[in-house]
Every structure is written in C-alpha cells, then in structure tokens.
Amino acid sequence: MSRLLRTGLNAGEAAPMAVVGGEGVYFHLSDGRKLIDGSNTGGGLGHRHPAMVEAIRRAADTPVVNEGWTWVGREQAADDLMATAFAGEEDWVGAVRFCISGSEANDMALSLCQALTQRSALATRERAYHGITGLSRSMTVQPQWHGGLAVHAGGSKLPAPMAPVRILPAPDGAIYGAPANNSPPSEYLADATRLLSDTAATIIDYTQGGIYYDSAYQDEVARCARQAGSYWIADEVVTGAGRAGRWFAFQGARSRPDIVTLGKSLGGGAAAVAAVVVSKDIVERLKGTSWQNYGTLRGHPISMAAVSAYLKVVSDDNILEHVQDLEKLFTGRLLAIAQKHPSVRRVAGQGLHWTVELHGPDWRTWHADTTEVPIASRVAERALEAGAVIGTSGEQTSLFLAPPLVISEREATLLLDALDHGLDIADEEHG
C-alpha cells in the first residue's frame, strides 16, 4: 500500500498515471508510453527545457537564503519581472513580493486588502477558483473544491469559511454555445457597486470554471470595485506569464488592477514560485508599516533563478507571438470539433487555455462525493488512447486544454485529435 496521500484531477478512485520522465511537451510513463502533456498549466516551457535546467543547476550551488535576508538573485528576479513582463505598465506598477504557490499569493493579497481597508468581506465572480489555502479557499466557489472532505458514500465535510463572500455574476464569453443574446456587463452588474460596498477586495480570474471574458467585463468590475472602495485583484495565476497570448490577460482591457497575483508558469515549470505584484499606490500606503507575513522558503534562490530564466526564454524566443498563432489553430479546430460532437455544449478559451464543456448535470450540483467516474474523466481516459493527456479540473462535465507554450503546430494538432477521439464516448452516452 502506498504511504502517500494522493489526490487527482480526474475524479474516481483509479490511481493516476505513473510518470517516470518527460521531454519537451511529452510525459514518459512507467509502461513505456509517451503522451502529449495537454493540461499542465504549471509547465509553461514543458519538461526539461535546457535553459531552465541550466538555471536550476547553477542555483543549486547557492546558499539557502530565507525571505528575511537580501539576496541578489531575488532582487534580479524582481527587476527582470518588471522590465520584461510589466514593460509598458511603469506608470502604475509598484513592487513585487515572491512566494511559493498561487493559493498562497491570493491569500496574501486578500489578507493585505483586509488589513488596508479594515473590512472582512471579499468578492469574486461565479464559478471562480482561487486556491485552497487560507482566504483563497473561501474565494473558491466551485462546490467540489472546498478544501474539506468529499465523502464517497455521499456528502461533504467542510472546513469553516474564513470570510463573508460576495459573488458577482459571470460573463459567458464562449465561442460555441453562448447565449443568443448576451447582455452587456453594465446590465447584469448593475447592482455590483452595492454588492461590493463592504468588501476589502474583489478578485477576478480569467479561466476558472471555463469562464473567459472580454474587456467590457473587466472594465465594469474595476469601475464598480473602485466606486465601492474595494481593491481589485487580477488573479493571473493561470493566465499570467504568457498563457493568454500576452504577458497578462488584464492587458486586453483599459483598466489596471491594484494587485496582480502570479504563479504556475512563472517558474517555467522548473520551480515552485508565485508572486504578489502591487501598485504604486499600495506601495505608498505601506510606507511606515511592516507587512507581518513571512515565509521561510519564499524567494528561494532556485525559484528566483527559474523566474529570471523563464522570462528571458519567453522574451528571446517570441513565445507570446507563438501562442497568438496557436490560438487561431485552437479556435478553428475546436469549433469544428464542437459542431461534430453532439455531446459538446460549450467551448470557450483564449491563448493556450481552452475549456470544452459537455451536456450533463449542472456544475452547481457536483461535489465529487462519489466513486462514480464522471463523463469528463472518461473522455480524458479515452483520449489517452490517442496519445494525449487532457485535464478535467475535477469537474463532472468540463475538460480543459492547457499545453506547454512551446507546443508545435503538429503536436497541437495531435492533442486536438486526441480530444476528438475521446469525445466519441461522450457522444455515445449523450445519444
């Protein structure tokens, strides 16, 4: 019996695949198979990218320096982040603090806003996921990700919430299956300023639950938050650092956040690292204070080396332009796949993050409190036959595609072929 407590993104009791290695966009399995890694939001440059490997090797020869000490590599990573990813944003962006995970970054950002405003309530949008640590858990409003126990015989055992949560309506933004008449955000967010009136922060992300949106939604949320005195946090843990086809998803609109949280691809898949980036206004408000929030391994030399190396590769290798080109391929092919498969209800996405939602039960009723393998997991399992890993985020009817940003057009086509193959099983059940 394994001594490891495990979890998995494909619901059910089957053990996950045994990965023994990887190269580029491929996983190597213990049974000898090589599968395209089609759902790894943390591996922006895939597996064993030479620049990342070399950066980690060099950093392994450095001392272990905790967050309380100044470290030249940490200062360099901060400068590199501002000069590269935030180029053109100099009029408002202030400073960065590094941490270990996206959940931690969101918790730190939300806690800071509570301290600054002396308010406890927080806001997000419907179907959001912001993490499972601290306040980020309270802001995750997908019912199966509550941080507690999903009892397989039925029911859930939940930890107590840490803050009052206000939930904003979400946009649709689908390229297939969207409502025929989408209302403008100003209409369905008409009550947002009142809803946010007692909140410390309003945090919005750009992919979770398959919710993607255009500039109008962001600008309206930003306007309402500022009117209510609520700090606006852009959760770019998934989309930041290039997955949206630009450095940040928020750059598709006019408004700019008070805080940006980053994680996942920021370390190029080579190290666990995240960040909280605050505006100049917040830097000014922090003067004369000490932010009493500390982590021993935050800003570790290996993580900092990974950040600087990743930023250089994305910039030098024109990765953002590559993602923009592949977005066109994914858009056209996913539309064709959706039209071919009657089991597909909705397709949405941007850059190299896409969601395919199937017909089936409402997501609000899915608590993962069963050993029954949901249809999304069965589609993902069948896609393995065609040579690719497709993710489900633990949901019942949603699949997501998030390959490494370095995936080639040929490999992307093979990934989409695997999805096409996997959906046959959903069609059979859909009838």
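Select leucine 297 in the loop between α8 (280-286) and α9 (301-316); helices here are DSSP runs of H or I with at least four residues, strands are runs of E with at least two, and both are numbered from the N terminus. The model is predicted, so local features need pLDDT of at least 70 and side-chain atom pairs pLDDT 80 or more, while totals for chains, interfaces and linings use all residues. Residues are numbered from 1 along each chain as its sequence is written, and side-chain values use heavy atoms, without hydrogens and water.

Leucine 297 is partly exposed at 48% relative accessibility (buried means under 20% relative accessible area, exposed over 50%, partly exposed in between, with a 1.4 Å probe and protein chains only).

Next, select arginine 364 and glutamate 126. They form a salt bridge, with the closest N and O atoms 2.7 Å apart (a side-chain nitrogen of Lys or Arg within 4 Å of a carboxyl oxygen of Asp or Glu). Arginine 364 lies in the loop between β14 (353-358) and α11 (375-383) and glutamate 126 in the loop between β5 (121-125) and α4 (135-138), so the pair ties together parts 238 residues apart in sequence.

Move to arginine 127. Its side chain meets that of glutamate 357 in a salt bridge (3.0 Å, N to O), and glutamate 357 and arginine 127 are buried. Arginine 127 also has a salt bridge with glutamate 395 (2.9 Å, N to O), and glutamate 395 is buried too. Salt bridges with shared partners join Arg127, Asp172, Arg345, Arg346, Glu357 and Glu395 into one network.
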